[in-house]
Amino acid sequence: MIPRLHQRTHTPHDPLEVALGRPLSPTEGLTEHTIVAHWTGLDYFTLDDEHKSWTSFEWAEHIEEALLEHPFAASLDDDRWAILHLDVRLHPDDRELTGPEWAEVAHRLARATGIEIPGKESGCRWIAVQAQPGRLDLIANLIHLDGAWHAPPADILRRLADQARRIEQDLGLVPARPTTQPTAPTASGQLASVLTQLADEQTGPLATVRGLVEHTAHRIARQPGAAGTDTAHRLELIARRLHAIQQDLDATAAHLVQPRAVAAPAAARRTAHPSL
């Protein structure tokens, strides 16, 4: 199973067309055999499972809705590219998965990226599309229902790859690459693990502090007067610096576990002397 993360976009229409392998339609309904999973809060926002008969255009509008409801929501880089799209593809020799198995894969990948948090129903809107053989597409809006922006973890590709390996093992699928014998963790690896935990976007202490600072900035910005606006701006700058520190810690952790070049033996480095 090979996961692939696409570049973020400002609309879900193109990603959904890619997932379906055909243009969107205002009349073709997408059944639960195609939309195999979705965010847990959807059932509370629709009546009598009405979403089970939505067309592809209506699904795209549903995912896009948070962008329209929160016109000022933006990432820390001040962009509005809120649509996340990833897909996974099975090995050609894999068996055909059932609908419930595809749904399980979708929820596990959603949790790996942080767009689904167990027990939280007001997070990101997302759907999982299984319209092409051996392929699953997950499309999400990074803007929460309350207007907060979800920043994917810096190590999202590693998380997706690790989850894909676990899914392969649990569902008896062909591994994407040969497995190797586990090795004992090195001192550098242990230190890298500590740094990764500190910088974790979901559970790390810096993420918690950053979230509190951002929340305080939003509340102060609503207070009347120029002093409140200035303070809110200063807090936003602090939140950005915290995010930069998280990224630096992630980069340092990755550097610690990179294999280092082995120095050539002294004999191999010596230059041969010409014969006298």
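**Basis of the entries.** I am working from a predicted model, in which local features need pLDDT of at least 70 and side-chain atom pairs count only at pLDDT 80 or more, while totals for chains, interfaces and linings use all residues. I number residues from 1 along each chain as its sequence is written, and side-chain values use heavy atoms, with hydrogens and water left out.

**A148, continued.** I placed A148 in the loop between β5 and α5, taking helices (H or I, at least four residues) and strands (E, at least two) as DSSP runs numbered from the N terminus. Not counting residues up to four places away in sequence, A148 touches L142 and I143, where contact means heavy atoms within 4.5 Å. I also noted that the C-alpha atoms of A148 and G123 are separated by 8.7 Å, although these residues are 25 apart along the chain.

**Overall make-up.** I counted nine helices and five strands in the protein, and from the N terminus on I read the order of elements as β-α-β-α-α-β-α-β-β-α-α-α-α-α. Buried residues make up 41% of the 276 residues. Of the contacts with a separation of 6 or more, 73% come from residues 24 or more positions apart.

**Nonpolar cores.** I took a nonpolar core to be a set of buried Ala, Val, Leu, Ile, Met, Phe, Trp, Tyr and Cys residues joined through side-chain atoms within 4.5 Å. The largest has 51 residues, and those with the most contacts inside it are L16, V105 and W126. At least two residues of this core come from each of α1, β2 (35-38), α3, β3 (83-89), α4 (99-113), β4 (125-132), β5 (135-141) and α5 (156-171), and α4 gives the most, with six residues. Apart from this core lies another, of 11 residues, among them L195, V213, L235 and A239. I set a general remark beside this: in soluble globular proteins, nonpolar side chains tend to be buried together.

**α1 against α3.** I started from L16, which, leaving aside its neighbours within four places in sequence, is in contact with L24, S56, W59, A60, I127, V129 and I139. The axes of helix α1 (residues 13-20) and helix α3 (residues 56-69) come within 9 Å and cross at roughly 135°; axes are lines fitted to C-alpha atoms, for helices over the stretch in contact, and angles run from 0 to 180 degrees between N-to-C directions. I therefore recorded α1 and α3 as oblique to each other, given that angles under 35 degrees count as roughly parallel, over 145 as roughly antiparallel, 65 to 115 as roughly perpendicular and the rest as oblique. The contact is made by H13, L16 and L20 of α1 with S56, F57, W59, A60 and E64 of α3, and I sorted its residues into five nonpolar, two polar and one charged. For that sorting, Ala, Val, Leu, Ile, Met, Phe, Trp, Tyr, Cys and Pro count as nonpolar, Asp, Glu, Lys and Arg as charged, and the others, Gly among them, as polar.

**α4 against α5.** Here the axes come within 9 Å and cross at roughly 150°, which makes α4 roughly antiparallel to α5. I listed E101, E104, V105, R108, L109, A112 and T113 in α4 as meeting I156, R159, L160, Q163, R166, I167, D170 and L171 in α5. The residues of this contact divide into seven nonpolar, two polar and six charged.

**Single residues.** I looked at L157, which lies in helix α5 and is exposed, with a relative accessible area of 56%. L157 and L5 are 152 residues apart in sequence and 7.4 Å apart in space, C-alpha to C-alpha.

T31 lies in the loop between α1 and β2 and is partly exposed, at 37% relative accessible area. I found the C-alpha atoms of T31 and S53, 22 residues apart along the chain, separated by 6.3 Å.

My last entry is on backbone geometry: what is the phi of D78? D78 has a positive phi of about 65° although it is not a glycine, whereas most residues other than glycine have a negative phi. D78 sits in the loop between α3 and β3 and counts as exposed, at 52% relative accessibility.

Conventions:
Buried means under 20% relative accessible area, exposed over 50%, partly exposed in between (1.4 Å probe, protein chains only).
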